[in-house]
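This report walks through a protein model for someone seeing it for the first time. Please look over the sequence and the structure before reading on.

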Amino acid sequence: MAKRDYYEVLGVERGASDAEMKSVYRKLAMQYHPDRNPDNPEAEAKFKELNEAYDVLKDEQKRAAYDRFGHDAFEGGMGGGGGAGGAGFGGFADIFDEMFGDFMGGRRGGGGRRGSDLRYNMAISLEEAFKGKQTEIHIPSSIQCDECNGSGAEKGSEPVTCTTCHGHGKVRAQQGFFTIERTCPHCGGNGTRIEKPCKSCGGNGRVQKEKTLSVNIPAGVEDGTRIRLSGEGEAGPRGTTPGDLYLFLAIADHPIFQREGADIYCRVPLPMTTAALGGQIEVPTIEGGRARITVGAGTQSGKQFRLKGKGMSVLRSPARGDQYVEVIVETPVNLNKRQQELLEEFAAGQNEKTSPQSAGFFDRVKELWDDLRD
């Protein structure tokens, strides 16, 4: 009779957390425990099946082996001596993975095992992207267990050689013309097994703890920049290589500036009188200062001024981009009586010379209408 899937036995999804599986197991174990079900062979069988499933899935390495090979990972087909017939192997796809996986970067077996990489998303302001930033971040992670120095074994004891792979960390089996080498499913590639696991880490060699890291954000970073902190990911199981931490940066929208590469843009309202008569205006810059711009008489909305070298920092370079200022002529509002009179006098004296764009536009409209009438 074929064994039931271990996840089905526990009634959990394959992605279930350790805490979720532990909670479900406890409830079911109490329900089917022989002391609560005397003379009930069916309950006894379920209790044994439940214990067998949980014993595999609660162990990180056994669970990984089970997820990949199923029940075959623990039933002889994966044995150490190079048995014939290839029982427990998943066909050509698995053969290809075992032969070329290391070259393709697709797997890490035995001594190549390492801790998981971590991702941390950080939002920064445009000013921080311009200046750079030194800050601290707090990462929930797993670190090497101090009690056993990452070995996973209780103090005074040592890991013992794995009897399945005889300390090699890998097992071999014949698949047709190929001899396939796989990570040992019983020791997870360590070559050793823990008989007396450390009480602090449960034999895993690492414990959960929040890490505080000092991070330097260089000046000139762009939205979506990824920063790699080597060795700052999760600790590897039983003293193996830790993973990396990847910092992903998101630059918040700015209320005044818009960024395009190393250049920044801003729109500045320009009083109608200054636009008409000319003058000077002050505009903000990204470093927190001000720059003065001379506006010529008759300046129109949309006119753009360039402030050379006032843009963003360039990553790993002393250069800077430019700042572009677009002026928007502001129509006056809330006029008093005298101001209205002055504008009415001005309007009465307008001609093609004072409003050339308006005059030219309506001349073109008139020509269009005349053509439509013909």
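Is Thr-299 buried or exposed? Thr-299 has a relative accessible area of 11%, and because the cut-off for buried is under 20%, Thr-299 counts as buried. The model is a predicted one, and every value below was computed from it.

## The loop around Thr-299

Thr-299 belongs to the loop that joins strand 13 (290-295) to strand 14 (304-307). Its side chain contacts the backbone oxygen of Gly-296 at 2.6 Å. Thr-299 is thus a buried loop residue whose side chain reaches a backbone atom.

## Two loop residues with positive phi

Asn-149 has a phi of about 55 degrees and sits in the loop between strand 2 (133-144) and strand 3 (160-161). With a relative accessibility of 60%, Asn-149 counts as exposed, because exposed means over 50%.

His-166 is in the loop between strand 3 and strand 4 (170-175). Its phi is positive too, at about 60 degrees, and His-166 is not a glycine either. The relative accessibility of His-166 is 58%, so His-166 counts as exposed.

## Helices 2 and 3

How are helix 2 and helix 3 arranged? Helix 2 covers residues 18-32 and helix 3 covers residues 41-57; they pack with their axes 9 Å apart and at an angle of about 160 degrees. Angles over 145 degrees count as roughly antiparallel, so helix 2 and helix 3 are roughly antiparallel to each other. Their crossing is left-handed.

Met-30 is part of helix 2. Its relative accessible area is 46%, so Met-30 is partly exposed. Met-30 and Phe-47 are 17 residues apart along the chain, and their C-alpha atoms are separated by 9.0 Å.

## Helix 4 and its ends

Helix 4 runs over residues 60-69, and its buried residues are Gln-61, Arg-63, Ala-65, Tyr-66 and Phe-69. As a general point, an α-helix has 3.6 residues a turn, so residues three or four places apart point the same way.

Both ends of helix 4 have a local feature. At the start, a side-chain oxygen of Asp-59 comes to within 2.9 Å of the backbone nitrogen of Lys-62. Just after the helix, Gly-70 adopts a positive phi of about 70 degrees.

## Helix 8

Which side chain reaches the backbone at the start of helix 8? There, a side-chain oxygen of Asn-336 lies within 3.2 Å of the backbone nitrogen of Arg-338.

The length of helix 8 can also be checked. Helix 8 has 12 residues (residues 337-348), and at 1.5 Å a residue it should span 16 Å. The C-alpha atoms at its ends are 17 Å apart, which agrees with that expectation.

## Two glutamates in strands

Glu-181 is located in strand 5 (residues 178-183). Its relative accessible area of 34% makes Glu-181 partly exposed. The side chain of Glu-181 is in polar contact with the side chain of Arg-172, at 3.3 Å. Glu-181 and Val-171 are 10 residues apart along the chain, while their C-alpha atoms are separated by 5.6 Å.

Glu-282 is found in strand 12 (residues 279-284). With a relative accessible area of 42%, Glu-282 is partly exposed. The C-alpha atoms of Glu-282 and Arg-292 are separated by 4.5 Å, and these residues are 10 apart along the chain.

## Cysteines

How many disulfides does the structure hold? The number is zero. Cys-162 is therefore in no disulfide: the nearest cysteine sulfur, that of Cys-165, is 3.8 Å away, whereas a disulfide needs the two sulfur atoms within 2.5 Å. In general, a disulfide is a covalent bond between the sulfur atoms of two cysteines.

Cys-162 has a relative accessibility of 1% and so counts as buried. Cys-266, at 2% relative accessibility, also counts as buried.

How values were computed. Residues numbered from 1 in each chain as written. Predicted model: local features only at pLDDT ≥ 70, side-chain atom pairs only at ≥ 80, totals over all residues. Heavy atoms only, no water. Helix = DSSP H or I, 4+ residues; strand = E, 2+ residues; numbered from the N terminus. Expected span 1.5 Å × (residues − 1). Polar contact = N/O pair within 3.5 Å; in protein donor to acceptor, adjacent residues only side chain to side chain. Buried < 20%, exposed > 50% of the residue type's maximum accessible area, 1.4 Å probe, protein only. Axes fitted to C-alpha atoms, helices over the stretch in contact; angles between N-to-C directions. Parallel < 35°, antiparallel > 145°, perpendicular 65-115°, else oblique. Left-handed = near helix turned anticlockwise from the far one by under 90°.
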